[in-house]
Structure formats: structure tokens, C-alpha cells
Amino acid sequence: MNHLDRLESKSIFIIREAYKKFRKIGMLWSIGKDSTTMLWLAKKAFYGRVPFPVIYIDTGLHFKEMYEFRDECVKKWGLKLIVSKNYEEAERRGIGPEAKLECCTVRKTEALKKTIAEYKFEALLLGIRRDEHGIRAKERVFSPRNRDFMWDYKDQPPELWDQFKTRKEGEQHLRVHPLLHWTELDIWEYIKREKLPVNPLYFAKKGKRYRSLGCMPCTSPVESEADTVDKIINEVKESKVAERSGRAQDKEEANAMQKLRALGYM
Amino acid sequence: MENLKLVIVGHVDHGKSTLIGRLFYDTDSLPEGRIEEIREICEALGKELEFAYVMDHLEEERDQGITIDTAQTFFRTKKRQYTIIDAPGHVEFLKNMITGASQAEAAILIVDVNEGVQEQTRRHAYILSLLGLDQVIVVMNKMDLINYKEEMYDEVKKELLKFLESININPTYVIPISAKGGDFIAKKTRNLSWYDGPTVLEALDTFKTKNSPRDKPLRFPVQDVYKYDKRISVGRIESGIIRVGDKIKILPSGEETIVKSIAEYMKENVMQAEAGKSTGIVTQDKVFVDRGDVITHLEDLPVITDTINAHIFWMDKQPFKKPERLLFKCATQEVMCSIEKIERVIDSSTLRLLRRDADEIRNREVADTVIKTEKPVVVEDFNKIQELGRFVLQRKDTCAGGIITNIQKE
């Protein structure tokens, strides 16, 4: 078994464990490279069927290529799609990108809250990785959220030898992170090996490409000539720029990501 | 690329986070602008540039200057990629330290040469020993504060090695460093010209990655059974290799059958699967298989018992008191248990015997116990197959970890 085989097996183990322990489970799918990889791992775990719905949070501000890619994958992979949204409220209250963190909270976190309440999800699978952001580096694989969706990052349960917190008692829901141990480079090497579909926004056009996808107003492309998966792999190997450097919410203020995540952000 | 998971442990303030920051800086692994960003935060807080901020990401951690929770991050050398696990050194956060250390293949134990061996130095070393980590290097930090003199290094080294010997840890190297100054992390500097050993990076590159044991007897704990067009028993092979046509036994029932096929998505004619692999098998006969069963070959069998001798380390504020019942989780097995006997309770730092034949185990104490499970479980001695020789005890959350020492056969 090589490095990618080991990463894959660990992720499949986590996904199967979550499915065994929580019947009301959904997978958050942002259409990005990570959660699309996670979706593929779920297909592998369950022999082609994805036995739970995938949840797409529509902020009303995504790129049109994201919606197109979403619909293609849903058709090709036979997915049960739930579209979670709260942007009508944001629009009614006039909360847009200039409101920064509040905009993220209303359009994403609040939308997810409504969906969890509607479908009574006990656990959600999320494609976050430790190398993306320092605050995500501190996550557990199975991570509880309380009734108010809060992440008690100061008192997380111990997690030893792949024995996870699989009993939900009083917590609102559990976040399950099957890709926590992958890096950006691992993801691209795996996409290449498994020949996974890639959103065209990741490929360079006119000297720029998106390295991380989010809402249009708050995501900017990076300088790049990488227009194939191979070229992206080389670029990531050499890069000295943070993956999420194009994501506004990461740099808003000191500890912005911590504040967002404590409130239930992904 | 090959990846090695490395935990950095030691007493609070002995310089773990600084060492990590330095490893990143010296291997040129920090993203552009990161140092500037950290410099700005430090200035805003009225502090000198702190490498520790590379890892300490929580607001509370930065304000208080301590690591609260374990974090993992990555850096690359020419040889391989490293996952660095930063473990908190404060006694309050021991469960976070154990969470970090339990995922590592190798460890760096850091000691402030001025302060010498402290409470958490001993406790962390002891935890490494309990977890079975045998690739350890010691770094003697803050050599700059004693003008890089050899005498103090020798003195602390002597004391530490004596302690480590008593818990069966034999460090590969004891390296004098200054994480702050960058001596002997990536570069050999003249400050320490009397020391002729390797740098930290050179020492790390001598470690070996720990792959799942494919050369040991087959242990395939069943995680779930999927009833698709075929009945597929899925799980991760913890040790050994399973092949199509193999005669297998399902434990604890003891039923025997043959592997008809190995099921993997979009792959035909898979003939074998080895340790570490998440896979699925279809059996020739209709046998009853369920989560928690362990599939083995017909020979070289594990132990089936309801009585287990184990070292356990308690990591919950709320102590264990007899006759509380707890959930025993080992591989995919889950069964209620009681701790029947607490033979000895010891202090995890001083290793002093606290109580014999006790009724209670408190936070951070280690105990020799006899555990009685409500149904027989399939286990191993930790020294034979770790994956089935370790377990956790859970209330709402995990409250203890355990290592199986002497198995009593039924």
C-alpha cells in the first residue's frame, strides 16, 4: 500500500464508521475539489451507492460553473441532493459581502442550521483538512457541536486509535471529518490517480486560476499557468502561497476563522 | 510521498511550539507572508516575534502563551513529508496530549536544559512508553541561555536517561539545541562545536515509518455488513493478508468458511488485501457475521476472553469509582465492562505507588487493573498485535485508554 492507498483506507474507515453509528447523516458538498473527493470515497465505501443525501449550501453568490458542475455530478453519480439556503433572508435584511463575517454566518451557517433542523441530521460529513488552516488543524475526526451549534474547542473529547466519539448525548450534531489527514497535494495526486472530475474554475485561464472555491465576491483567483491536473500538482509542490490566500474570510481580522467556526461555520 | 507522523512532547514552556515554528522556518515550509502575519499579531500584542504562533492558533493560546489543544501540520524534507503533532505541555490538557501522541510513529521529547527534568517531562515520557512508541529523540533546548556550555547538558542528560531507562525508553539521540536561535535544528552551528551528533532534521530522517503489520497473523475486525446484491463484510484489515480462497474463522463464534471474493468498487478480480486496507469480503457459505466479529485464519488465533489484565490511564476529571460500568471499545468490538480489580494505582509523573487494591482511579493516574467484559472479546497481548491489544473505555466520551498486558485465557 502506498501513501494514497493509506489515506484512502483511513477515510473509507471513517465514512463507514459514521454511517454505521448515525442513520440520519448527510454529507456537505461544496462542489470543491475536497468534498468532491470525499464524495468519491463514499462511493468506494458503499460500492457505488451513496446511501445518504449530499447537502449543497447555496449562498446565492456562487459561480455559475459551480452550479453546472453540481448538476453534472448529481446526474452522473445518482446523488440525493438537498439544497440548503438562507440567502433570501440575507437579501431581505440587506446583508451582503460588505458585512463580511455576518454574511458568512447568515448565508452559510444559518442555512445549514435550518437544514439540520428540517432533516433532523445527527451527523454531517465535512471535507475539511488540517493543512488548510491552523484552526482546522486542531479538529477531531468526530467533533461534537452543542445545541447552539457551538464548537467547544477548549474541551474536545480525547480521540485515540481511531476510537471516535460515536455516541450522541445531548449534543446537537456531530461533525465527521474523513479528509482531516490529507493535504492539498494529496488531494490533487488522488484526483489524478482516480481520474476524478474537476471543476473548470480550478484550471488556469488567462494566467489565473482558483485554488480554493467560495462565494464570488470573496474569492479571488491566484496567478497561475496551470491548466491541467499535472501542472496543478507541480504548482502545489512548489508553491509558497497559502491555499486559502484567495479567501477573504481567512484574513478579515485576527482569529476570524476561530470566531466563525465557534459559531458553527465549516 | 512517504509521510511520517511525529509528536513533540515535553513540559510546559520548554519550547515545543517554538521548535515546530523553527522546523517550518528552517525547512522553508511556511507559506509566503506567514511570518509577516505572525510578526504583526505579535506586535499588536506587544510581544517579540514568537515562532510558537505558527501552531498556537486559538486566541486563548496566543493570549496566554500556552498550547491548549493538539494540532497537526505538515512539512517536507528532501527525504519525506512529516506530519508534526504538537502536544500541549500543560498538565491540564493531558488528554489532548494523549490524543496527539496516540497518532504518532515517532516522538521528540523536549527538555529545557535550564529547568531540567520536570513533572510533565516524566509524565509525557511515561505516556510514550505506555503507547509503545519506540522511536524517540531527546532535544535539550535553550542551550543559548547557558552559553552553550556542555556541563549542564551532561548533567540533565544523565538524570533524564536514568529515568527513561526505568520506563524502557531508549532514545536514539540526545541533541543540544536552541530552537529560538536555530542551533542544530537544520544547521550545525559553531556554538555547539563540542557536540558531534546529528541535527534534529538528520535525526528525524533516520526514523522509519510504521506501516500496518502485513507480516503478522490475519486480524480483520468486521466494521459492518452490507446487504447489496451480495452480503459483503466490510472493515479494515488490522494485520496480515487475506486472499481469495483462504479458509477463515469468524470469532468469537468460531464458525469456519472460505473467502469467495474480495469486493472493491470498480475493481474486478481482486485477489488479496493487506493490513491497513479498508476492504470487504464475500464468504462461500452463509455464515452469521456481524460488526465486532474478528476474522482470522484457522491457525495462530487471538485470545477470546472476558477477563483482561490491562494498564489503563485515566483522563477524565470525573474519577472512576467502583462499581461503575463503562463501554469497552477494542477495534470494532463494543461491550459493557466493569473494572473488577484495581491492583495498583500509580502517579503518572513520579511513578510512585499511590494505592493498592483501590476502589478509585483519578484523573491522570495509571492503574494495573483486571477488567471483566459482559461478553467474551477477541484480544491480543499489546506486544504481539497492537491493534487488538489496546482499547478505550467510554462514558459519554472516552475517559481512559488501556494496554493489554497479560491475557487470561478462559
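A salt bridge here is a side-chain nitrogen of Lys or Arg within 4 Å of a carboxyl oxygen of Asp or Glu. By that rule, Arg291(B) forms a salt bridge with Glu334(B), with 3.0 Å between the closest N and O atoms. This is a predicted model, in which local features need pLDDT of at least 70 and side-chain atom pairs count only at pLDDT 80 or more, while totals for chains, interfaces and linings use all residues; side-chain values use heavy atoms, with hydrogens and water left out. Residues are numbered from 1 along each chain as its sequence is written, and chains are lettered from A and ligands numbered from 1 in the order in which they are written.

**Domains of chain B**

- The rule finds 1 salt bridge across the interface of domain 2 of chain B and domain 3 of chain B.

**Domains of chain A**

- Chain A is assigned domain 1 (3-182 + 253-262) and domain 2 (199-250).
- Between the C-alpha centres of domain 1 of chain A and domain 2 of chain A there are 22 Å.
- The contact between them involves 22 residues of domain 1 of chain A and 18 residues of domain 2 of chain A.
- About 1700 Å² is buried between domain 1 of chain A and domain 2 of chain A, 63% of it on carbon and sulfur atoms.
- On the domain 1 side of chain A, Lys33(A), Leu61(A) and Phe63(A) lose the most area to domain 2 of chain A, together 32% of what that side buries.
- How many salt bridges does the rule find across the interface of domain 1 of chain A and domain 2 of chain A? The count there is 0.

**Where the two chains meet**

- Chain B brings 70 residues to the contact and chain A brings 59 residues.
- Chain B and chain A bury about 5700 Å² between them, and 50% of it is on carbon and sulfur atoms.
- Across the interface of chain B and chain A, the rule finds 7 salt bridges.
- Asp397(B) forms a salt bridge with Lys165(A), where the closest N and O atoms are 2.6 Å apart.

- Helices (H or I, at least four residues) and strands (E, at least two) are DSSP runs, numbered from the N terminus.
- Strand S2 (residues 54-58) of chain A is mostly covered, with 5 of its 5 residues buried, where buried means under 20% relative accessible area, exposed over 50% and partly exposed in between (1.4 Å probe, protein chains only).
- In a regular strand the side chains alternate between the two faces of the sheet.
- From S2(A), Val54(A), Tyr56(A) and Asp58(A) point one way, while Ile55(A) and Ile57(A) point the other way.
- Strand S1 (residues 25-28) of chain A runs parallel to S2(A) and is joined to it by 2 bridges; two strands pair if DSSP finds at least two bridges between them.
- Met27(A) has Val54(A) as its bridge partner in S2(A).
- S2(A) also pairs in the parallel sense with strand S3 (residues 81-85) of chain A, over 5 bridges, and the partner of Val54(A) in S3(A) is Leu81(A).

**Two buried residues**

- Leu124(A), in strand S4 (residues 123-125) of chain A, counts as buried because its relative accessibility is 0%.
- Beyond its neighbours within four places in sequence, Leu124(A) is in contact with residues including Gly26(A), Ile55(A) and Val176(A).
- Gly15(B) lies in the loop between strand S1 (3-10) and helix H1 (16-26) of chain B, and Gly15(B) counts as buried because its relative accessibility is 12%.
- Leaving aside neighbours within four places in sequence, Gly15(B) is in contact with Ile110(B) and Asn141(B).

Technical notes: Domains from an automatic or database assignment. Contact = heavy atoms within 4.5 Å. Buried area = accessible area lost by both parts, 1.4 Å probe.
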